[in-house]
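Hello,

Here is the structure you asked about. Please open it first, then read my notes below.

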Amino acid sequence: MISEAVVLAGGVGTRLREYTKHKPKWMVKIFDRPLIFYPVMTLKSVGVKKFVVVVSEKWRNEMEVHLKSLNIEFITVPNDAVEKENGYSFFLSKNYVSSEYFFLTMSDHIYSVEMVKALLKHNAGKDDVLICGDSDPRYINVAEATKILTDQEKRVLIIGKGLDNFTHIDTGLFLIRRKLFKVAEMLNSEKEAFSFSDIINRAIKLNYAIRVVDVAGSMWTEIDTVQDLMEAFEGKRRDVVEIVLKELGVKIV
């Protein structure tokens with residue numbers, strides 16, 4: 001059983017600003033529930049007990065009000081330098097995770113419980129990172145997504161947004177061993193800003209065991225742009241939202 005999860009919610013949602021005005025992306029509501037509701041409640045449904053949520057210092061109080069309403073155990077970690085990217089947010093969580101293995105999720109991804117179970121099924125204690133990847137994504141804009149290239153054994157060779165050659169799309173859900181924080185510490189000492197993909201790529205060079213669990217064609221999506229958001233209400237992404245809310249026992253009114 002994996003009982004802890006880190007949630008990265010420090011992003012400001014620049015491409016959604018015409019819709020959100022000055023609010024962060026995690027507060028954007030889809031069917032009266034903020035984006036962060038979806039990954040948190042899905043992980044809670046499979047037994048996660050403790051959530052470490054990294055959030056902009058400016059919006060920490062609002063985050064805590066919402067998390068209290070979800071009846072979960074949580075710690076909020078303030079990030080007063082969100083411009084340093086999500087790798088820095090991951091680095092900030094290192095002193096608050098106690099388990100050997102834990103989930104990592106982005107706050108703007110919506111995914112089914114079956115994807116979480118797929119990671120758990122493939123966790124044999126041999127990998128340092130398991131990435132939930134999709135070789136046949138159906139509910140996202142691939143051009144906007146983070147791509148992954150693997151070998152035939154599903155070992156990750158490189159990850160990043162600008163890849164022309166790739167085998168999978170990053171779904172924003174990971175199962176991680178604590179030792180990955182050592183790589184985050186290394187990059188924090190070297191760079192002003194770094195992404196979580198930068199951490200993964202450095203770990204690959206250091207021979208960490210990083211593998212993709214393929215959830216081809218699964219029900220998941222991400223919200224980056226106003227178009228993405230509109231599709232969550234009326235387009236193809238709504239199918240994902242409806243499935244996830246049904247899994248969580250929530251009716252769309």
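Start with helix α8: its buried residues are Val 226, Asp 228, Leu 229, Glu 231, Ala 232 and Phe 233. Buried means under 20% relative accessible area, exposed means over 50%, and partly exposed is in between (1.4 Å probe, protein chains only). The helix spans residues 226-233, and six of its eight residues are buried, so the rest of the structure largely encloses it.

A word on the source. This is a predicted model, in which local features need pLDDT of at least 70 and side-chain atom pairs count only at pLDDT 80 or more, while totals for chains, interfaces and linings use all residues. Residues are numbered from 1 along each chain as its sequence is written, and side-chain values use heavy atoms, with hydrogens and water left out.

Now the whole protein. It has nine helices and 13 strands. Both are DSSP runs, numbered from the N terminus: helices are H or I with at least four residues, strands are E with at least two. The C-alpha atoms fill a box of roughly 50 × 35 × 35 Å along the principal axes. The radius of gyration is 17 Å; a compact globule of 253 residues would have one near 18 Å, so the two agree. That radius is taken over C-alpha atoms, and the globule rule is 2.2 Å times the number of residues to the power 0.38. Of the 253 residues, 57% are buried.

Contacts come next. Contact means heavy atoms within 4.5 Å. Among contacts with a separation of 6 or more, 72% join residues 24 or more positions apart.

Two residues are worth a look.

Ser 218 sits in the loop between β12 (210-214) and β13 (220-222). Is Ser 218 buried or exposed? Ser 218 is buried, because its relative accessible area is 18%. A polar atom of its side chain lies 2.8 Å from the backbone oxygen of Val 215. Beyond its neighbours within four places in sequence, Ser 218 is in contact with Met 115, Asp 134 and Tyr 139.

Ala 203 belongs to helix α7 (residues 196-205). Ala 203 has 0% relative accessibility, so it counts as buried. Which residues does Ala 203 touch, leaving aside its neighbours within four places in sequence? They are Leu 180, Val 183, Tyr 208 and Ile 210. Ala 184 is 19 residues from Ala 203 in sequence and 9.2 Å away in space, C-alpha to C-alpha.

Best wishes

Note on methods:
Polar contact = N/O pair within 3.5 Å; in protein donor to acceptor, adjacent residues only side chain to side chain.
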